[in-house]
2 protein chains.
Amino acid sequence: MKKILIGSGIPKVCVEPFEGIVDMTMPPVVGERFPQDEVLRLIPEYDAFFCFGTPLTKEILDAGKNLKAVANFGVGYDNIDWKYATEKNIFVVNTPQSVLQPTAEFTVALIMAISRGILMYDRKLRREKKCSSERFFNRDLMVYGKTLGLLGFGRIGKAVAQKCQGLGMHVIYYDPYRLSEEKEKELGATYMPLKEVVSTADVLSLHMPYTSENHHLFNYDLMKTMKKTAYLINAARGPIVNEADLVKALKEERIRGAAIDVFDNEPNVSDELLELENVVVTPHVASCIFESRVGMAQEALKGLIGILEGNHPANVINPQLFKK
Amino acid sequence: MKKILIGSGIPKVCVEPFEGIVDMTMPPVVGERFPQDEVLRLIPEYDAFFCFGTPLTKEILDAGKNLKAVANFGVGYDNIDWKYATEKNIFVVNTPQSVLQPTAEFTVALIMAISRGILMYDRKLRREKKCSSERFFNRDLMVYGKTLGLLGFGRIGKAVAQKCQGLGMHVIYYDPYRLSEEKEKELGATYMPLKEVVSTADVLSLHMPYTSENHHLFNYDLMKTMKKTAYLINAARGPIVNEADLVKALKEERIRGAAIDVFDNEPNVSDELLELENVVVTPHVASCIFESRVGMAQEALKGLIGILEGNHPANVINPQLFKK
């Protein structure tokens, strides 16, 4: 039987469907992680590695003499050395299917929470202990009829677009890969150059992968071109946004608010950001729901098993290796 | 020119479209209210009264010798003595059109905030100052694929249904007035008796008017029949829910959480409710957005002017008077 090493303990329900098909080794306690040296000691015997929570380094890839595939827990794979894995003819799988709905939905939850002031109102009521009757001074944004700008229009961007259209928003997008006119029409999305999306959107949401090219793409200068009444949403990757610049833009009220699930220097979050009122901050949990986490673990394991059985699973990020 | 008395100061933008058409009197400062005795002194001269923020009592209706119409700021009119007004052949108008989208949208914002744990995560991150990596212990609800139960399926209930369907939810409803099968099919909503909606829903949202019959309809016994994993949402009227019972059900984890915009004894909110973690509480602000407040004020004034000009505006709650 082929052997898969799992970097962290995951609930039994995740591995049950695969028992008897592959031999899986993981730490006995859910959430417990194999230390790096333990992974290095074990890896030579294994055919695949589900690097849940363990950084996937060159050292591990070199030590894994029998490795045919590695799996990343999530859809973004900037956290693993996938280029080196590809060089070594090791397949890399991720979990796009099971991440899609929870992440898109969480993004919508962030949009609604910041634009309708839910957290601000909750804090106000808990502090004042009475409903006040200021009825005309509220400058929150009704999203109905407003414009959602999406930077990045892949699977998650498209799902966010569809959900927000159901809430009555218009959708504009920028992506380096522009869709066909026909597809744009079908999805009800209007393409604009990046700068125009940034300056037009009432709510601007990031859905691009993180690459060295878009490191700190969102800096103070770009934020200044947003509407002063607009909100910035980031549930993609932290370093796309310059966090210090975001704090500055928020403090100066260059933009009205932000809802941020990912940070420049995770797991750390800048103290200044955490002290602001006009932000919603969540600890990188957009896909963090029990049922979707189980789905992600199973999607990763299915991908690994697919590779080990000689199939071509859909969730491979370096499918060029199939041609070899 | 006909004369309209407005009970509170409202922004100029609300009254501008009607200047020159009617003579409007209001306190000079936005938010300032005419005291009750001032209203009583002024009212005999006026043809209509926009009782913004002033309770519409029998005394005022009796003093208003020339009153042909009164307007309520909002869609629910349990706060005014509309029955007595009807007896006196005084038309009552409200603001259903401009309340619809902001209120339905705020309800969706509450649903998303409580089910995806946005406030809980925001508090946790501000407290701990770091993203933690508990990936498998989260029992939040992904609304995608889940069931929304609506009690009350009027305009706002229907708008909430449509928005939540866009988020991937199934909709079941109870209303004393059941729709035709054809209409149910068109709206994708399934009718069930009240008790079944309560026991089936993953998210249960109230959209009924408040009447003496449904006072404290939602008591502990009914809450106990909800799923233990379900959330209760109330942005309709506070006294439909027994607030003390809600606190008990939440403390005992009979239900997973609640998001509440309206309270049993407004403007007061019970201290015990405000101390709970598994609630989102907002101070009766579902329609409280500047643009919609302006829309509401204009809708009210338009209705009053319509009556004064001898027309039949749509936003009259006692249209039986047209027949007299």
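Tutor: Two strands pair if DSSP finds at least two bridges between them, a strand being a DSSP run (E, at least two residues) numbered from the N terminus. The model discussed here is predicted, with local features needing pLDDT of at least 70 and side-chain atom pairs counting only at pLDDT 80 or more, while totals for chains, interfaces and linings use all residues. Residues are numbered from 1 along each chain as its sequence is written, and chains are lettered from A and ligands numbered from 1 in the order in which they are written.

Student: Why are β1 and β2 of chain B called paired strands?

Tutor: Strand β1 (residues 3-6) and strand β2 (residues 23-25) of chain B are joined by three bridges, and the requirement is at least two, so they pair. The two strands run parallel, and B:Leu5 has B:Thr25 as its bridge partner in β2(B).

Student: What makes β3 of chain B a partner of β1(B)?

Tutor: Three bridges link β1(B) with strand β3 (residues 48-50) of chain B, again in the parallel sense. Within this pairing, B:Phe50 in β3(B) is the bridge partner of B:Ile6.

Student: What makes a residue of chain B part of the contact with chain A, and how many residues does the contact take from each chain?

Tutor: Two residues are in contact if their C-beta atoms, placed from the backbone, lie within 7 Å, and the contact takes 59 residues from chain B and 59 residues from chain A. On the side of chain B, the largest share, nine residues, comes from α5(B), where a helix is a DSSP run of H or I with at least four residues. The elements of chain B that give two or more residues to this side include α5 (96-115), α7 (155-166) and α13 (290-308).

Student: Why do the copies count as meeting through the same surface?

Tutor: The reason is that 100% of the interface residues of chain B are also interface residues in chain A.

Student: What are the domains of chain A, and where do their bounds come from?

Tutor: Chain A is divided into domain 1 (3-97 + 289-319) and domain 2 (100-281), with bounds from an automatic or database domain assignment. Their C-alpha centres lie 32 Å apart, and the contact between them takes six residues from domain 1 of chain A and six residues from domain 2 of chain A.
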